[in-house]
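Subject: Structure for your files

Hello,

Below is the structure, with its sequence.

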Amino acid sequence: MQKQNHDGISHDYDHSTPHSHDHNHPNAKAVSNRLARAIGHLESVKRMVDNGEDCTQVLIQLAAVRSAINNAGKVLLSDHINHCMVDAVENKDYQKIQELNEAIQIFIK
């Protein structure tokens, strides 16, 4: 089933369907904490722009925010592979493997 998220990006994963395994991953809190720090960092970069600070410094800080978000994604991806994908392989759920491949393609764009 094709869905659209709040950004208008279409994807085939239906979050409303029940899952066959637990989605409480060991690093979920770490991912959440990383994202919270990235949000705070991004808010400070916005203030830099609003205050007319040096563009080169803003670009450097934006790169740091992007890196923080990418690193949170890497932790989430690792958890997903180690839990959801192990479950999918054990249950021969090839659709989940395809969904992961599609998500990786979107993530690395």
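A disulfide is a pair of cysteine sulfur atoms within 2.5 Å. The structure holds zero of them. Of the cysteines, C55 is exposed (over 50% relative accessible area, with a 1.4 Å probe and protein chains only), at 58%. C84 is buried (under 20%), with a value of 3%.

This is a predicted model, where local features need pLDDT of at least 70, side-chain atom pairs count only at pLDDT 80 or more, and totals for chains, interfaces and linings use all residues. Residues are numbered from 1 along each chain as its sequence is written, and side-chain values use heavy atoms, without hydrogens and water.

pLDDT is the predictor's confidence in each residue, from 0 to 100. Its mean for the protein is 84, with 79% of residues at 70 or more. Helices (H or I, at least four residues) and strands (E, at least two) are DSSP runs numbered from the N terminus. Over residues 1–19 pLDDT stays under 50.

The axes of helix α2 (residues 55–90) and helix α3 (residues 94–107) cross at roughly 170 degrees and come within 11 Å; axes are lines fitted to C-alpha atoms over the stretch in contact, and angles run from 0 to 180 degrees between N-to-C directions. The two helices are therefore roughly antiparallel (over 145 degrees). In contact (heavy atoms within 4.5 Å) are, among others, L77 and I81 of α2 and L100 and I104 of α3.

Regards

Technical notes:
Angles under 35 degrees count as roughly parallel, over 145 as roughly antiparallel, 65 to 115 as roughly perpendicular and the rest as oblique.
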